[in-house]
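Have the model open as you read.

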Amino acid sequence: MAVRDPEDVFRIPGYFAFWSAYTVSGFGTYVTTLALQVLVLLTLHGTAADVGLLNAARWLPYLLLGVIVGALVDRRRRRPILIGTDLARAVLLGAIPILYIAGWLNTAVLIVFVAFFGVFSLFGDAASQSFLPRVVPKRSLLAAHARTDQSDAVAQTSGPLVAGGLVALAGAPLAVLVDAASYLFSALAVSRIHVDETRQEGAGQSRGLRSEIAEGLRWVYRHRVLGPMAIGSHGWFLFNSMLGTVFVSFALLDLHLSALQFGITLAAAGVTALVGSSYSTRVGLRWGAGRTVIVCDALMVVAWAVIAVVPTGHSPTWIVIAILAVGQSLYGLALGLSNANEMGYRQLVTPDRLQGRMNTTIRSANRAMIVIGAPLGGFLAVAIGYQPTLWIAIAGFVVVTVFLAVSPFRHARHSDAAQ
């Protein structure tokens, strides 16, 4: 099956509004991600373990409620869910600077807020990933994801830099207001998308929630290709969450980078992610989804290895930033190439009635890995050091890459839906 060229995607009614909502809220998310971690480490004087707990709280709802939410989303129209969860997240984020100014904000309170934020994100993510296949035809899914990846890469480039500047000028608590405003914009943009969802609403409700959840699990883990892809994705998220948690604390506390300097290293990933996402459609159609993802995972091993060997002594700051930026550049390039291929493939081969359950089954297990990996990385960093923990997680990346390379996923191609 031929996939429509990415240039044609914006001509699909409703896609531009979806893309706009995704792009703006994605920019805000990058600002908040950095701002909250700086808030914990520098403003509230926390540790790497606290950052790990914060990250775990963000994704804990996926572990507890994910498969249930997926079944519920498959029963409902997805656009109202998107609008409601965007508004709820805007309110939660707007409350953080208010609590800080009032003197009521501490790490425990912030973790609770982030956990509630995670609940609304769970519903919003399930609806968003399942809504896109209703906005664009299946043949355009790879191209549609490539476009959102491109905008995500731009946000990844500018978001950390803006966040670093905002934190320096206004403080970490006030920086999250940017994300609150982005969710308000997202809600408005989604409200302008007109998609007929009346035929799908309520489909299958008579069978019972438990049987619908079981059907979604069977579809994912008994599928010859989706099964190993999902398992590999779970392992990737486990070790990536360890790396991400340790990297933040390593840069800010051990390498003594400022929020702005750290933002520069993260922005390097955004630049190359834009390049990768620009070629993800072409590479995915030529190599196949499976081979593209596997090669990119191997490249991520190299990227994190570069970061792990950064000198920690009295090296000039510009050398430290340059090495971290090189590692992040390789990571961003690999992520930009792989994400659209993985997302596009799994949505391409899944029927509409199973989209919500498929997406949240995989995503919930992935986020469960973050709930485990983020605090594990933080506690290991405190116990044995930052760099040894980085190498442990890098070894995990190697295992995931080898597993996918020997599994049926290596043969996955975007033409599989036609089979």
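How many residues does the largest nonpolar core have, and which of them have the most contacts inside it? The core has 115 residues, and Tyr15 and Leu110 are the ones with the most contacts inside it. A nonpolar core here is a set of buried Ala, Val, Leu, Ile, Met, Phe, Trp, Tyr and Cys residues joined through side-chain atoms within 4.5 Å. Buried means under 20% relative accessible area, exposed over 50%, and partly exposed in between, with a 1.4 Å probe and protein chains only.

A quick word on ground rules: this is a predicted model, where local features need pLDDT of at least 70 and side-chain atom pairs count only at pLDDT 80 or more, while totals for chains, interfaces and linings use all residues. Residues are numbered from 1 along each chain as its sequence is written, and side-chain values use heavy atoms, with hydrogens and water left out.

Back to the core: helix α9 (residues 226–254) gives the most to it, with 15 residues. Helices are DSSP runs (H or I, at least four residues) numbered from the N terminus. If you click on Leu110, you'll find it touching Leu36, Leu39, Val40, Leu44, Leu54, Ile96 and Leu105, leaving out residues up to four places away in sequence. Contact means heavy atoms within 4.5 Å.

Now for the charges. Searching the whole structure turns up 3 salt bridges, each being a side-chain nitrogen of Lys or Arg within 4 Å of a carboxyl oxygen of Asp or Glu.

| Salt bridge | N to O |
|---|---|
| Arg89 with Asp86 | 2.9 Å |
| Arg363 with Asp125 | 2.9 Å |
| Arg357 with Glu215 | 2.9 Å |

Start with Arg89 and Asp86. They sit 3 residues apart in helix α3 (residues 78–102), so about one helical turn separates them. Arg89 counts as buried at 5% relative accessibility, and Asp86 does too, at 4%.

What does the pair of Asp125 and Arg363 tie together? Asp125 lies in helix α4 (residues 107–135) and Arg363 in helix α13 (residues 355–384), so their bridge joins parts that are 238 residues apart in sequence. Asp125 is buried, with a relative accessible area of 14%, and Arg363 counts as buried at 15%.

Arg357 is buried at 3% relative accessibility, and Glu215 is buried at 13%.

How values were computed. Helix = DSSP H or I, 4+ residues; strand = E, 2+ residues; numbered from the N terminus.
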